[in-house]
Amino acid sequence: APLVDSVFNRAKSEIKWLETALVKVPTVSSHIGAFTDMVIDGQTGLLARDDEWKEKLESLILSVELRRELAENAYAFVLENCSIDKKDEMVTYFEKK
């Protein structure tokens, strides 16, 4: 998810990361907006600044282990933190309605 740092792109959601995490595909995304709120660099994906894209992509290309680790960690993170199974205030509110 290479994005130019702009007001528009900072407002984008992390939905693409979430979708790829659920199918266990590792992600490299720009270090902006919601991606920085959800992606833990080096654990659940890779965050790249302008000068880091080549290095981050190369690390994924060259390491099967890194691809697997990031994919599994992201998948587990999404299931643990982004599922309605884990009831938060908003889910509880709508269940009452």
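Author: Let's go through confidence, then helix packing, then one lysine. Keep in mind that this is a predicted model.

Reader: Fine. Where in the protein is confidence lowest, and where is it highest?

Author: pLDDT is the predictor's confidence in each residue. The protein averages 83, with 74% of the residues scoring at least 70. Helix 1 (residues 7–10) sits lowest, at a mean of 56, while helix 4 comes out highest, at 96.

Reader: Let's take helix 4, then. How do I read its packing against helix 5?

Author: Two packed helices are described by the angle between their axes and the distance between the axes. Here, helix 4 and helix 5 (residues 64–81) pack at about 100 degrees, and their axes are 5 Å apart. An angle from 65 to 115 degrees counts as roughly perpendicular, so that's the label for helix 4 and helix 5.

Reader: Which residues meet there?

Author: From helix 4 you have Ser59, Leu60, Ile61 and Leu62, and they meet Val64, Leu66, Arg67 and Leu70 of helix 5. By class, that contact has six nonpolar residues, one polar and one charged.

Reader: And Lys56: is it buried or exposed?

Author: Buried means under 20% relative accessible area. Lys56, which belongs to helix 4 (residues 53–62), is at 9%, so it counts as buried.

Reader: What does the side chain of Lys56 reach?

Author: The backbone oxygen of Leu47, at 3.0 Å. Leaving out residues up to four places away in sequence, Lys56 touches Val28, Asp41, Leu46, Leu47 and Ala48.

Key: Residues are numbered from 1 along each chain as its sequence is written. This is a predicted model: local features need pLDDT of at least 70, side-chain atom pairs count only at pLDDT 80 or more; totals for chains, interfaces and linings use all residues. Side-chain values use heavy atoms; hydrogens and water are left out. Helices (H or I, at least four residues) and strands (E, at least two) are DSSP runs, numbered from the N terminus. Buried means under 20% relative accessible area, exposed over 50%, partly exposed in between (1.4 Å probe, protein chains only). A polar contact is a pair of N or O atoms within 3.5 Å; within protein, one must be able to donate a hydrogen and the other to accept it, and residues adjacent in sequence count only if both atoms are side-chain atoms. Contact means heavy atoms within 4.5 Å. Axes are lines fitted to C-alpha atoms, for helices over the stretch in contact, and angles run from 0 to 180 degrees between N-to-C directions. Angles under 35 degrees count as roughly parallel, over 145 as roughly antiparallel, 65 to 115 as roughly perpendicular and the rest as oblique. Ala, Val, Leu, Ile, Met, Phe, Trp, Tyr, Cys and Pro count as nonpolar, Asp, Glu, Lys and Arg as charged, and the others, Gly among them, as polar. pLDDT is the predictor's confidence in each residue, from 0 to 100.
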